[in-house]
Amino acid sequence: MTTRSAALRYPSLTTTVPKEFVHRASVAEVMLTDWERREDHQFAVTAQWPRSHSFFTAANGRHDPLIAAETLRQAGALLAHAEYGVPLGHHFLMWDLSLTVCPEHLHVGGAPAALDIDVVCGDIKMRRGSLAGLRYRTVMRRAGHVVATGSAAFTCMAPKVYQRLRADRLNDAAPQLPLTAPAAPQNVGRVSPTDVVLSPVGQPGRWQLRVDTRHPVLFEHPVDHIPGMMLLEAARQAAVATLGEGTTPLSVTAEFNRYAELGAPCAIEARRLPRTEREEAVEVTGHQDGEQVFRSTVTAAASAD
């Protein structure tokens with residue numbers, strides 16, 4: 001007697017999308033679970049956030065806002081490969097990212113958070129029939145409630161082009177800096193020193209980026225430059241150090257100006273922006289060799305006086 005396969009008997013089983021589509025080496029770090037095209041450049045993506053994560057740690061009973069930033073990043077990579085035909089092995093360069101979260105819907109429940117994400121792609125650039133870059137906007141919903149909105153833009157390039165551009169940085173050709181001492185975890189919103197990405201330099205509002213290439217999430221697979229998610233984490237930690245313990249970002253914007261290199265010190269500087277009645281914000285910049293690598297603005301709810 002012939003039996004039907006499990007896939008046919010259970011068509012609604014949930015799994016993650018292929019890890020290669022979101023540029024992860026570990027299946028455990030894949031947030032996305034499915035996708036479908038609705039219209040020419042509009043898509044529905046689903047995702048799941050674990051109740052606990054080794055790096056995107058929950059605080060005050062709420063999911064880490066930066067897990068939404070990672071989900072946003074993964075959505076762009078997924079659609080570029082799965083819907084726009086970018087071959088695996090092409091390299092992506094993120095130019096900017098913005099994210100706003102709704103804290104009232106970030107609560108950690110009794111099960112992983114299931115997300116429905118609407119994605120609209122625009123500013124689509126083609127080169128010789130292949131995708132060269134695009135901008136996309138997302139709305140993330142949880143049980144029908146908007147939990148986060150965001151947008152990002154990236155360009156992508158073939159391996160041969162990337163090889164020419166980054167030849168002197170590939171294959172571990174560039175030396176890496178010695179690992180520097182972490183700032184006190186409680187001062188930057190962290191529990192473990194391992195997750196601290198700032199090193200004190202003896203000046204208020206200034207740090208050196210602490211680059212630990214052994215970190216299992218920030219350096220989840222070998223790369224030739226500092227990942228954008230690490231720069232976002234540096235901005236978040238600098239904002240917490242500036243605004244005070246317990247600061248939770250409501251929004252984060254970032255512009256990435258050039259590759260952040262592993263072999264050069266990256267100076268991080270935070271500047272408190274004028275406060276409004278409801279919000280306060282910090283501008284964070286990173287410089288290497290006198291040139292700006294990135295600029296980010298982190299906004300949080302104003303503390304009670």
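So, A143 sits in the loop between β5 (130-142) and β6 (145-157). In this predicted model, A143 has a phi near 55°, which is a positive value in a residue other than glycine. Is A143 buried or exposed? Exposed, because its relative accessible area is 70%.

D123, though, is in a strand, β4, residues 113-127.

While we're on loops, have a look at G290, in the loop between β11 (279-288) and β12. G290 comes out at 72% relative accessibility, so it counts as exposed. If you want a sense of scale, take G290 and I124: they are 166 residues apart in sequence, and their C-alphas are 33 Å apart in space.

Now step back into β11 itself, where you'll find E283. Here's one for you: is this glutamate, E283, buried or exposed? Buried, since its relative accessible area is 18% and the cut-off for buried is under 20%. As for who E283 touches, leaving out neighbours within four places in sequence, the contacts are E269, A270, R271, L273, R295, S296 and T297.

Okay, the core. In soluble globular proteins, nonpolar side chains tend to be buried together. Here the largest nonpolar core has 77 residues, and the ones with the most contacts inside it are L32, W49, L209 and I268. Let me pick L209. Again skipping neighbours within four places, L209 is in contact with T180, V197, I226, M230, L231, A234, C266 and I268.

Why call α4 largely enclosed by the rest of the structure? Because 13 of its 16 residues are buried. Just after α4 comes G244, with a positive phi of about 115°.

Rolling a probe the size of a water molecule over the atoms shows where empty space is left. How many cavities of 30 Å³ or more do we get? The count is 2.

The largest cavity holds about 40 Å³. L209 turns up again here, in a lining made of L177, P178, T180, Q208, L209, R210 and V211. By class that's 4 nonpolar, 2 polar and 1 charged.

The second largest cavity is about 30 Å³. It's lined by T194, V196, V197, R210, D212, H215, L218, F219 and M230, which split into 5 nonpolar, 2 polar and 2 charged. R210 is in the lining of the largest cavity and in this one too.

Last stop, the second largest pocket, at about 580 Å³. It has 29 lining residues, and A59, N60, G246, T247 and T248 are the closest to its centre. The elements giving two or more residues to that lining are α4, β9 (249-256) and β12 (291-301). And which element gives the largest share of the lining? It's α4, with 3 residues.

Methods. Residues numbered from 1 in each chain as written. Predicted model: local features only at pLDDT ≥ 70, side-chain atom pairs only at ≥ 80, totals over all residues. Heavy atoms only, no water. Core = buried A, V, L, I, M, F, W, Y, C linked by side-chain atoms within 4.5 Å. Buried < 20%, exposed > 50% of the residue type's maximum accessible area, 1.4 Å probe, protein only. Contact = heavy atoms within 4.5 Å. 1 Å grid on protein atoms, 1.4 Å probe; cavity = no way out; pocket = protein on both sides within 12 Å on 5 of 7 lines; lining within 4 Å. Points joined across faces, edges and corners; volume = space filled by probe spheres on them. Nonpolar A, V, L, I, M, F, W, Y, C, P; charged D, E, K, R; others polar. Helix = DSSP H or I, 4+ residues; strand = E, 2+ residues; numbered from the N terminus.
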